[in-house]
Amino acid sequence: MPELSVIIPGYQRRDALQACLSAMTNQTLDYERFEVIVVDDGSDDGTYDFLNSADYPFHVRVLRQKNVGPGAARNRGSRDAEGRYLLFLDDDVVASPALLEEHLALHSGQDGVVGLGRIRYDADRNDWYLNAFADCWNRRYDQMQDGYCDWQDLYSANVSLPRSMFDEVGGFTEDRRPGEDVELGCRLQASGAKFVYLPSAIATHPNNKTRNDILSDTESQGAVAVHLAQSHNNVLAALSAGWDEIREFKVTVKNTRDLPVKVEIKRNFNTTYWDIEKDGDFDKYEQVDKDTVKFTVELKPRSTKVFAYVLTTYHL
């Protein structure tokens, strides 16, 4: 009997799914301790034929249904799961070798927890917007490493929980797409679940989205936030407690002496969750610790330099 059931919904991404399953062969967790359930959500790109002809050293079960969405596909997989714990992955992620072992180790040592693995976006194309999105996304996980995460960080591309907990809250909603994963996180938090970040359980997303794809996703996420605020009493306060303070600073540094000087300016933000955009005439910028940065300005005799930065702080 497997301890962990890995559930992967698949739709129209045969090649990506093949890479996803190939990564399972490199797992450090013994094959007999997990099973993989792939739910083909009505693909017509050869996914089902590929799955039936593929041969893997671990146990794989293939289920098929008409196209009704990833939430329904994940629920279908969970109903057939034999493991005590469920791990949900997307069909287009590549798991790090320790991913399964990290998730199972968490649940073996703690009760009533939800494991949030790291989802890493790689952006190596010549598009500043896509690179900025990837940087912002990955920085959020760096911040989670300091110890705070909650239901808003639950993404179905890399999350695990006890099957009993999943069943108790009713699984994924099947009438919300996208956003069914964050909505599940909302209900889990209301039920008293604890969320734990697993930085070494890494699932890498390919950088195959365009700028328009990202913008469309952002618009959809706004609609999801409105739906959650309207349907769950505990959401509105959480959403309004997010990136809630934006301040702009302009700094003028003047040297009135006849000798060159170097000035160091430190700024402490009193929160570990922040973002900064900077511009202007400074010589060096560095992060001193988790909530402090330092600007270094070198001035010639009787000279002036001006720089500015916009600080966004996240208050929990």
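Predicted model: local features only at pLDDT ≥ 70, side-chain atom pairs only at ≥ 80, totals over all residues.
1. On β2 (residues 34–41), β1 has another parallel partner, joined to it by 7 bridges. Within this pairing, G10 has D40 as its bridge partner. With helix α1 (residues 14–24), β1 and β2 form a right-handed β-α-β unit.

2. Strand β1 (residues 4–10) is largely enclosed by the rest of the structure, because 7 of its 7 residues are buried. L4, V6, I8 and G10 point one way, while S5, I7 and P9 point the other way, and all are buried. In a regular strand, side chains alternate between the two faces of the sheet.

3. The largest nonpolar core has 64 residues, and those touching the most other members are L4, V6, L21, V36, L100, V114 and L188. Strand β8 (residues 194–205) gives the most to this core, 6 residues in all. A second, separate core has 13 residues, including V251, W274, L299 and L311.

4. You will find 0 disulfides here. The closest cysteine sulfur to that of C136 is in C149, 17 Å away and so too far for a bond. For C149, the closest is in C186, at 15 Å, again too far for a bond. C136 is partly exposed at 45% relative accessibility, whereas C149 is buried at 11%.

Notes: Residues numbered from 1 in each chain as written. Heavy atoms only, no water. Core = buried A, V, L, I, M, F, W, Y, C linked by side-chain atoms within 4.5 Å. Buried < 20%, exposed > 50% of the residue type's maximum accessible area, 1.4 Å probe, protein only. Helix = DSSP H or I, 4+ residues; strand = E, 2+ residues; numbered from the N terminus. Disulfide = S-S within 2.5 Å. Pairing = 2+ DSSP bridges. Right-handed = clockwise from strand over helix to strand, strands pointing away.
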